[in-house]
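Load the model and keep the selection panel open. This tour goes stop by stop, with something to pick at each.

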Amino acid sequence: MPKPFDKLTATAAPIMRSNIDTDVIIRIERLVGNGIRGTLGKWAFGSLRYLPDGSENPDFILNREPYRDAEILVTGPNFGCGSSREGAVWSLQERGIRAIIGSGFGDIFFANCFQNGILPVVVGKAVVDQLAADIEATQGAGKVSIDLEAQTIVSPSGARHSFEIDPRRREGLLKGLDEVALTLQRDDEIHAFQASDRTARPWIHSTRISA
Amino acid sequence: MPGRSLLEKIWDQHVIARLSEDTDLLHIDRHLLHDLGGSRGLLDLKSRGLKVHNPELTFATPDHALSTAPGRAGTSKIGQELLAALRIETAASGITLFDVDQPGQGIVHVIGPELGLSLPGATIVCGDSHTCTHGGLGALAFGIGSSELTHVLATQALIQRRPKTLRARFEGELPLGVTAKDMILALIGQIGAAGGTGYAVEYAGSAIRALPIEGRLTICNLSIELGAKMGMVAPDEKTFEFLRGRPYAPQGEMWDRAVKAWRELPSDPDAVFDREVVIDVEKIIPQVTWGISPEHVVGVDGIIPDPKSVDDPARRAAIETALEYMGLQGGAPIAGTPIDWVFIGSCTNSRLSDLRAAAEVARGRKVAAGVRAWVVPGSENVKREAVAEGLDKIFIEAGFEWREPGCSMCLAANGEVVAPGQRSVSTSNRNFVGRQGPRARTHLASPASAAASAIAGAIADVRMMGRS
Ligand code: SF4
């Protein structure tokens, strides 16, 4: 069940490269196995964060103070594109990230964020660029505030921006709703659908091989 | 009221409940599980005290974490554990498993269409972003995350926002040596890796109608590299011919009823799309990627972009980063770049027609010295059919390695990797940083182009090879 999200004021790290895919967020070999939850935080952005010899890359923003403690990412276009691996979101969550602000996200990554109590905020590219510039102007000391209820972001310069979000998803995050439990409350409707669909499209429902 | 699109027709047919203006609870007709996420989902369900809602609509196969070496030698300990867990948990839930060495096993997006599990008008999900592949049969198919996977196991339904619609019309006659892979790479080059984000894409136009089903599956496979989690082609007579007689396709009277329903699915002539793109396929030449996103693509006779000639600082920086990773010089021709590896396989291009196209180029020739070239069939059935035709012999005689079916070097989850700094021409779908192994360099291309490059020892234009 996702942790509820309402307000957050935290250090934000701009990672502005476009098309950061989920393979870059978490490498596949970290995700092979069933007992991986809780082991992923240190592998988030592994290929950017560590040098080939395994030491930290001092140039990567999350290895620098004060960004090391960032709970918000400000990202370039199409962040989280590529693979559906929810491990990408788990690794960010385990790394302490609670919100991501960008001009656009990979569709599946975007949906996965909500499932894990991470707020992805979509704003215009100009707003993202302004936020990144404001953060860099304070060398990361200036915090970014997000208020999900009010749908606003406040930049370190004090500039306030509003954002749009699907009301259902907003409510799910605010309350930390469990979608499986909610859908199971509609199990009668699911069964009724299947009963009538079995007549309309029997080939979908009878899957035992006849050959 | 305007006509409805293929997407809208399928969508409306699956709404169990309207949850808000643009969000519905959709029925899921087919749920496919694989070894990386399947047992995890089933265990997650068990830990919540829940049961699989419709095991008869759920199917599983191992593909990602298996070794594709002969005899499966070299499957990692953890890969073996995942396979064991998949066997135990699917059996406990009454889910059909297509197991190793059995007909039906293979890359999950190859076996769905091959077995007739994937059908026009069906909603199909899998915990894998390339589930869009199945849209080539006129299905509404898309990848889901782990949480959604558990949701589908528990409820056979999924909460989804209705996407916007984009129609990509490929018009004209495909030039010789140009394939479905080149068509879709060219589109990605044209509208970018985020060009389809938020959309369901319908591929249409004369060149799509002319494509055999396997080519349509290749096109739809790369929808996600366009940013679109759903991609589809309207079903037609070719679709029905492809499906007729497949093990899980309807039979007899039920087949006739199904076909009648499927004929109603294509978009109405007056259907409205949120966005429309037209591609003149006669201008497309074989494509190859040069960078670290599928949008970093050029014609094989083209030039690697020179960052110095790009004004926009963000774009210039992106090109510089990509070229540095790829070890390439901006401004140089892409053809002739020496390579170390060739990988022919993956859910994009590992079907029989792909292997035939590659074998046609390889026949009677030799892989260049210093190049390792693998052919990994997409499924056990593809493998058997290819062997029956003698394709394996053509490849082996030419110096390719002939492997067992699976995902293999497409994602390197199984120890099958391109070594750091080495360069591969691959028929897969992602040239991301580290996708084929840490610091591996990937150039995406068609099977024919990949085979030509293996022979040349460098990125090569298949049209110069005298055949196909
Ligand atoms: S072949 Fe590659 S892209 Fe396709 S399912 Fe396997 S890992 Fe994913």
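The stops below cover a sheet, a helix and a ligand site in a predicted model.

**Stop 1: the sheet.** Select the five strands of chain B that run in the order S5-S4-S3-S6-S7. They form an open sheet, and the pairing is parallel. Now color the edges: strand S5 (96-97) and strand S7 (140-143) of chain B. Each has a single partner strand, so one side of each is left without a neighbour in the sheet.

**Stop 2: one strand pair.** Zoom to residues 30-34 and 123-126 of chain B, strands S3 and S6. Three bridges join them in the parallel sense. Pick B:His31; its bridge partner in S6(B) is B:Val125.

**Stop 3: a covered helix.** Select residues 447-456 of chain B, helix H15. How many of its ten residues are buried? Nine are, so far as the computed areas go. Among them are B:Pro447, B:Ser449, B:Ser453 and B:Ile455. Next, show what the buried residues pack against: strands S15 (341-344), S16 (372-375) and S18 (423-426), plus helix H12 (352-362), in chain B. Then step to B:Gly457, which follows H15(B) and has a positive phi, near 75°.

**Stop 4: the ligand.** Center on the ligand. Where does it sit? The space it takes is the largest cavity.

Definitions and conventions. Residues are numbered from 1 along each chain as its sequence is written. Chains are lettered from A and ligands numbered from 1 in the order in which they are written. This is a predicted model: local features need pLDDT of at least 70, side-chain atom pairs count only at pLDDT 80 or more; totals for chains, interfaces and linings use all residues. Side-chain values use heavy atoms; hydrogens and water are left out. Two strands pair if DSSP finds at least two bridges between them. Helices (H or I, at least four residues) and strands (E, at least two) are DSSP runs, numbered from the N terminus. Buried means under 20% relative accessible area, exposed over 50%, partly exposed in between (1.4 Å probe, protein chains only). Contact means heavy atoms within 4.5 Å. On a 1 Å grid over the protein atoms alone, a cavity is a set of points where a 1.4 Å probe fits but cannot get out, and a pocket is an open set with protein on both sides within 12 Å along at least five of seven lines; lining residues have an atom within 4 Å of a point. A molecule sits in a cavity or pocket if more than half of its atoms lie within 2 Å of its grid points.
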